[in-house]
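Here is a set of questions and answers about how helices, strands and rings get their labels. Have a look at the picture, then follow along.

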Amino acid sequence: MSDPQAGPAPISAPAPAPPPPAPPAEGDASHGVGHGSSLAGLSLAALGVVYGDIGTSPLYAIKECFSGEHGLPVTPEHVLGVLSLIFWSLNLVVSVKYISYVMRADNRGEGGILALLAQVRHGPTAARTTRDRIPLIMLGLFGAALLYGDGVITPAISVLSAVEGLKVVTPAAEAAVVPLTVGILLLLFLVQRRGTSGIGMVFGPVMALWFVAIAALGVYRVMDAPGVIAALNPLHGLRLLAEGGFHGFLILGAVVLVVTGGEALYADMGHFGRRPIRIAWFGLVLPALFLNYLGQGALLLTDPSVASNPFYAMAPAPLLIPLVVLGTMAAVIASQALISGAFSLTQQAIQLGYSPRVTIVHTSKTEIGQIYIPEVNAALLVSCIGLVLGFRSSTALAAAYGIAVTGTMAITTILFHRMALERWRWAPWKAAVVSGTMLVIDLAFLGANLVKVEQGGWFPLVVGAFVFTLLVTWKQGRVALQRAMSEGAMPLAEFVETLGPQACVRVPGVAVFLSSDPRNVPPVLLHHLKHNKVLHQRVVLLSVLSEEVPYVAADERLDVETLPNDFVRVRAHFGFMEVPDVPATLTGLAAHGLTLPPMQTTYYLGRETLLPGGNAKMARWRKQLFILMQRNAQSAASFFSLPPNRVVEMGAQIQL
């Protein structure tokens with residue numbers, strides 16, 4: 001039966017689709033939100049959403065390499081070595097791994113670790129079961145959980161590092177940095193309820209101006225020390241790693257800050273498609289980033305004393321305040337991308353059956369992907385402000401940054417390897433070479449970040465572990481609840497056959513009983529019949545099923561089966577990027593000869609009260625946690641957009 005507290009119906013287990021013979025062609029574009037828009041317009045829009053995170057890394061990345069916890073002395077060898085590592089990291093991680101390979105692992109145009117996990121949860125043959133994939137599923141879920149840690153830190157470090165430019169303008173502004181940062185973050189999270197459609201129109205142009213500005217600053221400073229271009233030679237980076245010993249290896253923990261937006265790039269792919277993202281990257285973002293990093297390196301070669309904030313030191317004095325303003329705007333945009341990503345990730349988790357229902361508000365009438373989740377927004381707000389007040393500087397926050405995103409990067413590579421083998425049928429040696437090279441780089445960055453645990457890196461790990469526990473507990477609790485509800489259930493076919501004309505009184509109207517199990521009689525139907533002794537003239541048994549694809553085509557939305565005695569069994573299919581609107585969906589029954597008059601249709605839901613004293617194979621504390629989550633989940637009536645005055649709920653007690 002439909003459970004108004006415990007989340008949507010658990011995922012059905014359809015037979016996996018046959019694997020495609022090969023990955024999508026390099027030039028293919030996904031069918032994202034921008035389908036039909038101009039390529040130039042999509043590329044500009046991608047600048048504001050996809051590249052906000054990685055685009056603001058120059059604010060703090062070089063600074064952390066030379067003045068952070070494990071910063072290097074400012075010498076020509078170290079500057080060239082760090083710049084070489086940055087250049088090749090940008091190309092190997094972003095250009096090669098994400099742009100050239102991982103973005104081809106889309107799920108019908110959608111990207112992100114949960115979209116990737118949905119494709120590898122089941123093997124390509126029926127012999128591959130979910131049970132065989134438990135370690136892989138757990139790994140993917142933990143990677144998704146780590147992204148929440150990244151989503152908390154990114155707004156805090158981006159805005160804080162941008163506002164710290166005021167200290168370069170005047171040291172007297174130092175006392176205002178933290179309060180101003182908190183104020184900007186507070187305003188940012190408060191306006192989320194208004195949606196991103198209005199402000200989104202200026203995101204692209206602002207980020208385009210940002211990239212042009214940082215590129216110009218880079219060229220301006222490179223002219224003072226053109227020899228810095230030698231950093232393109234990878235030997236400088238290899239020499240730093242070889243001669244620097246353990247300390248040289250640890251510098252990777254700061255270098256990784258330049259590629260922290262790679263996962264966001266993959267997750268936001270569905271909004272724009274592959275081609276616009278690639279054009280924006282190679283046409284503007286990559287050149288602008290590296291020119292700016294070269295400029296910061298050139299400035300350090302000529303004036304090592306600016307290592308505490310080389311980015312803002314690049315600007316001539318008259319342009320410093322405008323650069324701080326532009327940098328703050330870019331940081332807000334980067335934060336917006338991560339916040340929106342957290343909303344999208346939560347929506348996917350709900351539809352895939354790993355999260356309880358929450359309040360999902362659509363903020364745009366035209367773009368389905370623009371949503372607002374107040375519960376997630378509030379949690380991020382409190383966490384971000386807590387981080388700023390606790391760490392108080394971007395340098396201190398950088399110690400906490402990196403572990404979450406490098407962990408997710410490594411997990412993405414593992415999932416990609418499995419998909420390449422099973423879905424694309426790559427030869428084992430080819431998959432091993434490609435994903436093995438990626439994994440070596442990912443693990444090097446992850447290893448260099450592990451030393452940050454004591455200095456603050458524990459925070460994203462704690463956030464990730466907490467979210468992971470919630471995801472797994474919810475999924476296992478749902479399975480246990482479904483098993484408890486199925487015990488002794490009556491087969492639907494048997495029930496319908498025995499329900500003859502004289503079995504009970506039939507009254508005019510339509511009754512829709514929501515059920516998560518389309519094979520058996522919904523308990524709420526049995527309770528209704530037992531207590532009220534009547535049934536409506538037409539009875540619809542509705543199961544809302546979540547599929548492991550982003551969107552379900554309109555002609556595949558409903559499966560309708562006519563049963564004896566005016567019963568109809570309906571299966572409504574939704575993708576993990578969709579929020580079910582049951583009344584709107586059921587209008588599609590008209591094509592099957594069934595009309596549901598709104599004022600003559602009643603929706604019946606079950607409301608279960610859970611008790612922890614049953615035989616479910618879960619620790620008692622996890623049962624209590626699941627019950628707490630179930631009690632605080634959004635009601636089924638609200639989640640499925642049911643009209644409040646047409647809903648009847650009937651309760652029952654179940655022991656887990």
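Q: What counts as a contact here?
A: Contact means that heavy atoms lie within 4.5 Å. Helices (H or I, at least four residues) and strands (E, at least two) are DSSP runs, numbered from the N terminus. The model is a predicted one, where local features need pLDDT of at least 70, side-chain atom pairs count only at pLDDT 80 or more, and totals for chains, interfaces and linings use all residues. Residues are numbered from 1 along each chain as its sequence is written, and side-chain values use heavy atoms, with hydrogens and water left out.

Q: Which residues of helix 6 and helix 20 meet?
A: Leu136, Leu139, Gly140, Phe142, Gly143, Leu146, Leu147 and Asp150 of helix 6 meet Ala404, Val405, Gly407, Thr408, Ile411, Ile414, Leu415 and Arg418 of helix 20. By class, these residues divide into ten nonpolar, four polar and two charged. Ala, Val, Leu, Ile, Met, Phe, Trp, Tyr, Cys and Pro count as nonpolar, Asp, Glu, Lys and Arg as charged, and the others, Gly among them, as polar.

Q: What makes helix 6 roughly antiparallel to helix 20?
A: Helix 6 (residues 134-163) and helix 20 pack at an angle of about 150°, with axes 8 Å apart. Axes are lines fitted to C-alpha atoms, for helices over the stretch in contact, and angles run from 0 to 180 degrees between N-to-C directions. Angles under 35 degrees count as roughly parallel, over 145 as roughly antiparallel, 65 to 115 as roughly perpendicular and the rest as oblique. Therefore helix 6 is roughly antiparallel to helix 20.

Q: Why are helix 4 and helix 15 called roughly antiparallel?
A: Helix 4 and helix 15 (residues 274-302) pack at about 170°, and their axes are 10 Å apart. So the two helices are roughly antiparallel to each other. Their contact includes Leu83, Phe87 and Leu90 of helix 4, and Trp281, Phe282 and Leu286 of helix 15. It has 18 nonpolar, four polar and one charged residues.

Q: How do you know how helix 4 lies relative to helix 10?
A: The axes of helix 4 (residues 76-101) and helix 10 (residues 234-243) come within 7 Å and cross at roughly 110°. That value makes helix 4 roughly perpendicular to helix 10. Among the residues that meet are Trp88 in helix 4 and Leu240 in helix 10. The contact of helix 4 with helix 10 comprises seven nonpolar, five polar and no charged residues.

Q: Why is the pair of Tyr101 and Trp426 called edge-to-face?
A: Rings of Phe, Tyr and Trp (its six-membered ring) pair if their centres lie within 6.5 Å; planes under 30 degrees apart count as stacked, over 60 as edge-to-face and the rest as tilted. The ring centres of Tyr101 and Trp426 are 6.2 Å apart and their planes are at 80°, so the pair is edge-to-face. Tyr101 is in helix 4 and Trp426 is in the loop between helix 20 (403-422) and helix 21 (428-449), 325 residues apart. The whole structure has 19 aromatic pairs.

Q: What makes strand 3 and strand 4 a pair?
A: Two strands pair if DSSP finds at least two bridges between them. Strand 3 and strand 4 pair in the parallel sense over eight bridges. In strand 4, Leu541 stands opposite Phe513. Four bridges join strand 3 (residues 505-514) to strand 7 (residues 601-611), and these strands run parallel. There, Phe513 stands opposite Tyr604 of strand 7.

Q: In what order do the six strands form the open sheet?
A: The order is 5-6-4-3-7-8, with mixed pairing. The edge strands are strand 5 (558-563) and strand 8 (647-655), each of which pairs on one side only.
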